[in-house]
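Student: I would like to go through a protein structure with you. Could we begin with the terms and then turn to the details?
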Amino acid sequence: MTTIRKYMSMVKFSHTIFAMPFALVGYTYALTSTSAEFDWVLLLQVVLCMVFARNTAMGFNRWADRDIDAENPRTAMREIPSGQISPRAALIFVVVNALLFVVTAATINRLTLWFSPVALFVVMGYSLAKRFTALAHIILGLALAIAPTAAYIAVTGEFAVAPVLLSGVVLAWVSGFDIIYAMQDAEFDRQRGLHSIPARFPGWGALIISIALHAVCLAMVCWFGIWCEFNWLFWVGVVIFGGVLTLEHLLVTPTRQTNIGIAFGTLNGIASLVFATFAIASMLL
């Protein structure tokens, strides 16, 4: 059990709460907008794909960044640089989860199988992006944005506009809050030659970009709701979701970064769960 806890800590398993609720929204929309019937096995396959893909992405991130993490005082006690998990064991973990992801995707339908290598390329590519571009936050957003569209494809075997709009919501939302999280390492990134929005546009520059991305996120949420003609429950969820994002930006300023943990983890977890709860309730009713 200790070993399992170490690997769960390495991949920050609790952060699955960010994308998983949006995947469930995509899954539910697929059921309610088509003639598809609810299938517990398919739901389990979708959840497993989410878990395996995220384990692959985070495991690869920790493996690729092991030397960088060792130099950064904030991350020096992570599992690999502190010696709790060896680089070789972490890489084996990544390979196993990547294979499990592809195999599970193959059991769903042909499109999810074809899509799986592309998904792996994106989710693993994020880990290398900060070495050459400040747009790494956008790539992370894209990695998580795959979830709702992939869940819809798992049910229907085809693309549609609505889940792509929902993926746009996730892309802008995640990119925005990752910029806030990256403010902690802005000075370290500049010294190490790494790229990020806070390193390139310090202080309010980074926060304004984050706010702009979250404004785009809320616009995409409204577009999604209007496109799908959801009822009032959905819009109640949108208001609360927007309120949580606003609170996130009120808690963090260039001179007040002690609340980044709350803004990044707690509030975004709440935002995701609230939005998904009201969106799913709206569809089921």
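Tutor: Let us begin with a definition: a salt bridge is a side-chain nitrogen of Lys or Arg within 4 Å of a carboxyl oxygen of Asp or Glu. Please note also that this is a predicted model.

Student: How many salt bridges does the structure hold?
Tutor: The structure holds 6 salt bridges. One of them joins the side chains of R192 and E71, with an N to O distance of 2.7 Å.

Student: Which helices do R192 and E71 lie in?
Tutor: R192 lies in helix α9 (residues 186-192) and E71 in helix α4, so the pair ties together parts that are 121 residues apart in sequence.

Student: What does D65 form a salt bridge with?
Tutor: D65 pairs with R131, and their closest N and O atoms are 3.1 Å apart. This pair links distant parts of the chain, 66 residues apart. D65 sits in the loop between α3 (40-64) and α4 (66-71), while R131 sits in the loop between α6 (110-129) and α7 (136-156).

Student: And is D65 buried or exposed?
Tutor: D65 is buried, because its relative accessible area is 1% and buried means under 20%. R131 is partly exposed, with a relative accessible area of 32%.

Student: What about R78: which residue does it bridge to?
Tutor: R78 forms a salt bridge with D69, the closest N and O atoms being 3.2 Å apart. R78 is buried, with a relative accessible area of 16%, and D69 counts as buried at 4% relative accessibility.

Student: A change of topic, please. Where is T56, and what does its side chain reach?
Tutor: T56 lies in helix α3, and its side chain reaches the backbone oxygen of F52 at 2.8 Å. T56 is buried, with a relative accessible area of 0%.

Student: Which residues is T56 in contact with, leaving aside neighbours within four places in sequence?
Tutor: With those neighbours left aside, T56 is in contact with V94, N97, A98, L120 and M124.

Student: And where is the place of N72?
Tutor: N72 is found in the loop between α4 and α5 (87-106). At 7% relative accessibility, N72 counts as buried. Apart from neighbours within four places in sequence, N72 is in contact with D185 and F188.

Student: Now the helices. At what angle do α2 and α8 pack?
Tutor: Helix α2 (residues 20-33) and helix α8 (residues 161-182) pack at an angle of about 170 degrees, and their axes are 10 Å apart. That makes α2 roughly antiparallel to α8, because angles over 145 degrees count as roughly antiparallel.

Student: Which residues make the contact?
Tutor: From α2 the contact involves F22, V25, G26 and Y29. From α8 it involves A162, P163, L166, V169, V170 and W173.

Student: One last point: where in the protein is confidence lowest, and where is it highest?
Tutor: Confidence is lowest in helix α1 (residues 2-10), at a mean pLDDT of 79, and highest in helix α11 (residues 204-228), at 96. The mean pLDDT of the protein is 92, and 99% of its residues reach 70 or more.

How values were computed
Residues are numbered from 1 along each chain as its sequence is written. This is a predicted model: local features need pLDDT of at least 70, side-chain atom pairs count only at pLDDT 80 or more; totals for chains, interfaces and linings use all residues. Side-chain values use heavy atoms; hydrogens and water are left out. pLDDT is the predictor's confidence in each residue, from 0 to 100. Helices (H or I, at least four residues) and strands (E, at least two) are DSSP runs, numbered from the N terminus. Buried means under 20% relative accessible area, exposed over 50%, partly exposed in between (1.4 Å probe, protein chains only). Contact means heavy atoms within 4.5 Å. A polar contact is a pair of N or O atoms within 3.5 Å; within protein, one must be able to donate a hydrogen and the other to accept it, and residues adjacent in sequence count only if both atoms are side-chain atoms. Axes are lines fitted to C-alpha atoms, for helices over the stretch in contact, and angles run from 0 to 180 degrees between N-to-C directions. Angles under 35 degrees count as roughly parallel, over 145 as roughly antiparallel, 65 to 115 as roughly perpendicular and the rest as oblique.
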